[in-house]
Every structure is written in structure tokens, then in C-alpha cells.
Amino acid sequence: MREAKTAAIIGGGAAGLAAAVAAAKAARAAGAAVAVVVYEASDRVGRSILATGNGRCNFSNARPDAALYRHGDFVAAAWEALEAKGAGAEGDGAADPGPANAVLRFFADHGLLWREEGEGRLYPLANKATSVLDCLRASCAALGVEERCGFSVAAVEPPRGPGRPFTLRLADGRFERADAVIVAVGGAVARNLLPEGLPFVEPVPTLGPLATETRWCRPLDNIRVRGALVLRRGGAVMARELGEVMFRKYGVSGIAAFNLSRLAAVGDALAVDFLPALPADRTEAFLRDRRKALRAALGREVTWDDMLRGVVLAPVADVLLAAVGLKGKTPAAAAEAAPVAAVLKGLTLPVEGLGDVRQCQVHRGGVAVEAVDAASCEVRGVPGLYVVGEALDVDAPCGGYNLHWAWASGLLAGKSAVEGLAPSSGSERGEGEPCSDSPCLVRRSAGPSQSLRSCAQTPSSRSEPAGSRKRGRR
Ligand SMILES: Cc1cc2nc3c(=O)[nH]c(=O)nc-3n(C[C@H](O)[C@H](O)[C@H](O)COP(=O)(O)OP(=O)(O)OC[C@H]3O[C@@H](n4cnc5c(N)ncnc54)[C@H](O)[C@@H]3O)c2cc1C
């Protein structure tokens, strides 16, 4: 009987669950006795997934583009490695190659159907995040992955010598051992539990609402418009985002603002364009023509209320007119078309920072990508230690890109970890054939509602105090 190894995954979120499935699948395919254990601090895995996309989970994008990511070269190299490994998607040899990338093939293989919305955003067909999580958990169960919920890992200690295991210090004082460790704890906390000295970029929340000067936002609180946001620094345009803009008392929210929050700094100017489809140099003429047309249609002088009715919502019109010192009841003079055109195309709000940080979707920062091999997500100089998902200094705009990265890096690390543990165990077995010497790899579960504690060979928590550790795990 071969010695069983353990791959520990710290964090049962998006990246952690993808890593668990990929690791267990790789072990099964290789006929390797590897127990895959997910340590999750909260009472259940996948909570973070359920919160995504307003509960609908924009789980990926039809056109993933590495250039959209912070450290896009690293991301591109990791995707390339994932494609080369075919992690998570062994395929059935059918002529149809299936979806275009390894993440989508992974979800297709594990039973998820999806549909595409605007800008390539992919949502589960059932339109609920639970649909994504159910597929992942069912796969974990079928592959014998063990979930350990309520297990908060406080520190990962590297092996004390060749062939020795990692030590996982739990927050309650117990410890566990593992031969490979995948850190998938999300954006804010990775530094606390990783070995000291790892290059790390201080995490800061991003992809959230922007706080701006409030004079014009306050009266528009909770109003949503389809528009564009233009971010300027010292007169130069930094970025432009088209989409829903939601005014809040403190500033601007909505996807367009979230995306600009990745670039914005205090002192930048945020201009709201209420008529993005109309070129700026045609807006004044549009207003002058409109004035003539409305005078003819109404048979009287037109006011600025008349002019903006049907163009923007009434509270927006009030704010725009106030911003250029006009009143709605004032007859619209031809000479006033220029300032009104300017404010319609760019109500300018000075940026004062991030708005409500609790709404931020990701953390920028984490383990520096230079510390990690993009071909596997393994930490350089610490064989067997992997960092994935938001715990790495990788982030992207809204649109399913952040979850796409979490799945992709998890799949890559999961497969790589098992290859590292069983490098020469090239399988003589086919996919799905039982592995006789590893009960954790042969047990199949009927579904996600069943207990995942299926692996007879996985370690149990040790409760000896750190100083009294006598026995190694193997
Ligand atoms: C409200 C909201 C909506 C979002 N919507 C989208 C969207 O629609 N599309 C998209 O692409 N991205 C979205 N994101 C971003 C996306 O959720 C993250 O990028 C992604 O979840 C990161 O995956 P991860 O596995 O790295 O971290 P997480 O999913 O955060 O998982 C980390 C897990 O580790 C556990 N953990 C933490 N510390 C420990 C510890 N010490 N020991 C054990 N376990 C621990 C946590 O409990 C958690 O389960 C959204 C984010 C938020 C907050």
C-alpha cells in the first residue's frame, strides 16, 4: 500500500473549491493516494460565492482578457499553463472541443449551464449563485474531498526538512499536517498565516463606490442613470466607463464607478456624461434644434424644464440647471445652450476617495506575483506551498473577471499540487476508474447535501499544545 499524502486547501471560497476539485480529480486520474482536505473558517464553504453578482454570480466572462487584470502578464502565463495542463477538464475525447477556456470547460464538465449577458458576463442559467456552488460541492463530494468547516487556520509553517510535512496551526491551538498547502483565503488575511518574509503588497479594498464632493450627489441619492463616467487627472483622461451610474449621498456607485475605483485617486475629477451616445461637439446644436422643435410643437416659449424633460429624470434636470445657475421655469435662451450642453456631457465631481468600503468587491494587494511561479501558483523557494485567487496581488474590473481568476488559479494550483506530490505516478488507470488503495478517492457521494466527511485516510485535528508535538504524521 502506498503512503497517503494530504493536500490541504485553506479557504473554501471560489479558488479553494476549484483547487479541491482539481486536486482530487488529478489524484484520481493519476491513481495517487492523496487526501484533499478543505479547511474553512466559517460554518460552511462557498459563502463568498453566494454573495456575488447580487446573488446571481457573474461567475466568468465570455471574453476573458488578461490585459484587464493587474499583473496581466502573470495572469496570462497562468492561463497558458492551465490550458497546457488541461486542469479540471480531462475531456471525453469527443470531437467538439467544448467551451473556449479551461475554466468554462471545468464548469461544463461539472454540469453547470449558463447564459451570457451584456459585455460577455456569464451567469448560471438558473440565475442563482447557489447553482454554481451546488455543482462545486457535488463534485467535491463525488471526488471524496473532505470539508472541515469551522477550522480557522492561523499559520502555515513550512516543512522543517526534505520530505517533512507542512504544519497548519489552527486558531484554537490545535495543529494539522499536510504535504501540500494551497492558500485560498481571499484578499485581506493571507499575510497573517503565510511564512514571514514573503513579498507582500498591503491589501486595500477596491472595486467599490467613489466618494466625491457631495453638493450635487446628495439631492440625487439612489437615482440610477445609464451614462458614462470619465475620470480625469490634471486634465488628462485616465479612463471612461459606460454603464449604470447610481448616485449616493456620499458620491457615485454602480458598476462604472466600481471599475474606475481601481484607478481613481483623491483629487481626480469624475465627470458624469448623461448623454454618452451624443458627441460632445454636437450637444449644443442638439439643444438649439430641440428648442426650435419644442417651440413649434408646444406653440409657446419653452422653459429649461421643457428642454430637459424626456432627456433626463426631473431631479437630474434640477441639479444640472442649478450647476449652471439656471432655473427650470426660466425660458430657455439660445445662448444658454452651451453651458447646459457642457454640464449634460460632464457634471464634474471632485473625487475624495472610496465610498462605502463595505461594498468593495475585492482587495488590491496580497502576495506579490513575483513570489509565485505563474506556471503552477507555487511559492518560489517553498515547494508544495501555493497561493491562489484574491490572496495574490491580482484584481480586475467587474464583469466576472475576478471569479474567473479565482477558478483558474485554483484549478492550476490544485492540479500542480498533486503533480508535485505524485510526480511519477503516471496513471495506468482511465479517468473514473477506482483507486483501490485510497478509500478517499473511490467513495462517491450522491450529492451535495450529503456529508463530505468521506475520507478515511484524512488526518484528524491534533489538540496537543505546540510544545508537546512528538509524532509526525507519517
Ligand atoms: C459583494 C461581492 C460581489 C461580488 N461579485 C462578483 C461577481 O459577480 N463576479 C466576480 O467575478 N467577482 C465578484 N466578486 C469578487 C469575488 O467574489 C472574489 O474575487 C472571489 O470570491 C475571490 O475568491 P477567493 O477564493 O480568492 O476568496 P474568497 O471567495 O473570499 O474565499 C476565501 C475563503 O477563505 C475563508 N478563510 C479566510 N481566512 C481563513 C482562515 N484563516 N482559515 C480558513 N479559512 C479562511 C473564507 O471564509 C472564505 O470562505 C464579488 C465580491 C463581493 C464582495
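In the hairpin formed by β4 and β5, four residues lie between the strands, and E119 adopts a positive phi near 55°. The structure is a predicted model, in which local features require pLDDT of at least 70, side-chain atom pairs count only at pLDDT 80 or more, and totals for chains, interfaces and linings use all residues. Residues are numbered from 1 along each chain as its sequence is written, and side-chain values use heavy atoms, with hydrogens and water left out. Helices (H or I, at least four residues) and strands (E, at least two) are DSSP runs, numbered from the N terminus.

Strand β4 (residues 114–116) runs antiparallel to β5 and is joined to it by three bridges; two strands are taken to pair if DSSP finds at least two bridges between them. Within this pairing, R115 stands opposite Y123 of β5. Strand β5 also pairs in the antiparallel sense with β3 (residues 60–61), over two bridges, and N61 is placed opposite R121. Both faces of β5 (residues 121–124) are covered, with R121 and Y123 buried on one side and L122 and P124 buried on the other. Buried denotes under 20% relative accessible area, exposed over 50%, and partly exposed in between (1.4 Å probe, protein chains only).

Helix α4 (residues 102–109) is largely enclosed by the rest of the structure, because six of its eight residues are buried. These are A102, V103, L104, R105, F106 and F107. At the start of α4, a side-chain oxygen of N101 comes to within 3.1 Å of the backbone nitrogen of V103. Just after the helix, G111 takes a positive phi of about 100°.

Definitions and conventions:
A polar contact is a pair of N or O atoms within 3.5 Å; within protein, one must be able to donate a hydrogen and the other to accept it, and residues adjacent in sequence count only if both atoms are side-chain atoms.
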